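Please examine the sequence and the structure shown below. The briefing that follows is grouped by topic.

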Amino acid sequence: MYRFLLTRQWLILALLALVMIPTMVELGFWQLHRHEHKVAQNSLISHNLKAKPVPVAALTSPGHTVPRSDYWRAVKATGTYDEKHQVVVRRRTSTDGSIGFHVLVPFDLRGGGTVMINRGWIPTADDQRAFPDVPAAPKGEVTVTGRLKADETTGSSGIKDLSDLPDRQVMLINSAEQSKLLSRPVLGGYLEQTGPVPSGDTPELIEAPDDSSIGPHMAYAVQWWLFAAGVPVGYVVLARREKRDLVAAAAAAADAQAAAAEPGTPEPAKA
């Protein structure tokens, strides 16, 4: 009674099942790897944020690419802000999701060298092509603490580096590009300021990255594997149901044929 499995319809269904099972298993492992990556990233963030701040020049230098192991590393820098050459970074969001700018300013280190510092977020002006009002940075020599970040690129951030931008506005925070604008070497990466807290809380300091949420990836992985296990189970259930229906149909047909073959009952004689 299972010869129906060799019909075209059931062969296509079996082939579809054979394709779906490894695909769902692979999707499950993809979500598992994303879960493992998120857990490892949370551990790295937590470790680097809690580490004792070190001088930024100890971790980077002009042309240096900040490795992942140093992302969000607590650093400090002593020197002076070069407000004359500060720029703003377009299309950045505040903690409440408002669109505005990040304030990016060169910071000349005591003893030589320059590092770019992201001072935080400010709102846009009515005219987005005009340079916004940026709160003044502290004058004289100061010590700034922050998180070391890697240079932004279109590939790493997904942000398109637009041309023909207004004066002193950029799309990406990139030390190589700022080095060209300043005509002097700039340390690779940049410092995301955490202290000192600016007067009036503006610019708004960028909040620390989340190191606690692991997301739903593990749950998605289990779901995909359950789906993969359900495919053969579903195939068997459908096959057994089809067999049952065929058996019932065959039995009904046999009963009908037997009834038709029985001789008719003679009619009673009339008086």
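**The largest pocket**

By class, the lining of the largest pocket comprises 11 nonpolar, 13 polar and eight charged residues; Ala, Val, Leu, Ile, Met, Phe, Trp, Tyr, Cys and Pro count as nonpolar, Asp, Glu, Lys and Arg as charged, and the others, Gly among them, as polar. The model is predicted: local features need pLDDT of at least 70, side-chain atom pairs count only at pLDDT 80 or more, and totals for chains, interfaces and linings use all residues. Residues are numbered from 1 along each chain as its sequence is written, and side-chain values use heavy atoms, with hydrogens and water left out.

- The volume of the largest pocket is about 730 Å³.
- The lining of the largest pocket has 32 residues, and W72, K149, E152, Y190 and E192 are the closest to its centre.
- On a 1 Å grid over the protein atoms alone, a pocket is an open set of points where a 1.4 Å probe fits, with protein on both sides within 12 Å along at least five of seven lines, and lining residues have an atom within 4 Å of a point.
- Grid points are joined across faces, edges and corners, and a volume is the space filled by probe spheres set on the points.
- At least two lining residues of the largest pocket come from each of β3 (87-93), β5 (114-123), α2 (154-157) and β8 (190-195); helices (H or I, at least four residues) and strands (E, at least two) are DSSP runs, numbered from the N terminus.

**The second largest pocket**

- The second largest pocket has a volume of about 280 Å³.
- Its lining consists of 17 residues, and Q169, V170, E177, Q178 and L181 lie nearest the centre.
- Both β7 (169-170) and α3 (175-182) supply at least two residues of this lining, and α3 provides the largest share, three residues.
- Seven nonpolar, five polar and five charged residues make up the lining of the second largest pocket.

**Packing of two helices**

- Two packed helices are described by the angle between their axes and the distance between the axes.
- Helix α1 (residues 8-50) packs against helix α4 (residues 217-261) at an angle of about 165°, and their axes are 6 Å apart.
- Because of this angle, α1 is roughly antiparallel to α4 (angles over 145 degrees count as roughly antiparallel).
- The contact of α1 with α4 has 23 nonpolar, four polar and two charged residues.

**Individual residues**

- W72, which is among the residues closest to the centre of the largest pocket, lies in the loop between β1 (54-55) and β2 (74-81).
- W72 is not a glycine, yet its phi is positive, at about 65°.
- W72 counts as buried because its relative accessibility is 11% (buried means under 20% relative accessible area, exposed over 50%, and partly exposed in between, with a 1.4 Å probe and protein chains only).
- R91, in strand β3, is a residue other than glycine with a positive phi near 55°.
- R91 counts as exposed, since its relative accessibility is 55%.
- W225 lies in helix α4 and is partly exposed, with a relative accessible area of 27%.
- The C-alpha atoms of W225 and P62 are separated by 48 Å, and the two residues are 163 residues apart along the chain.

**Cis peptide bonds**

- The peptide bond joining G195 and P196 is cis, with omega about 0°, and P196 is found in the loop between β8 and α4.
- A cis peptide bond also runs from T202 to P203, with omega near 0°; P203 lies in the loop between β8 and α4.

Definitions and conventions
Axes are lines fitted to C-alpha atoms, for helices over the stretch in contact, and angles run from 0 to 180 degrees between N-to-C directions. Angles under 35 degrees count as roughly parallel, over 145 as roughly antiparallel, 65 to 115 as roughly perpendicular and the rest as oblique.
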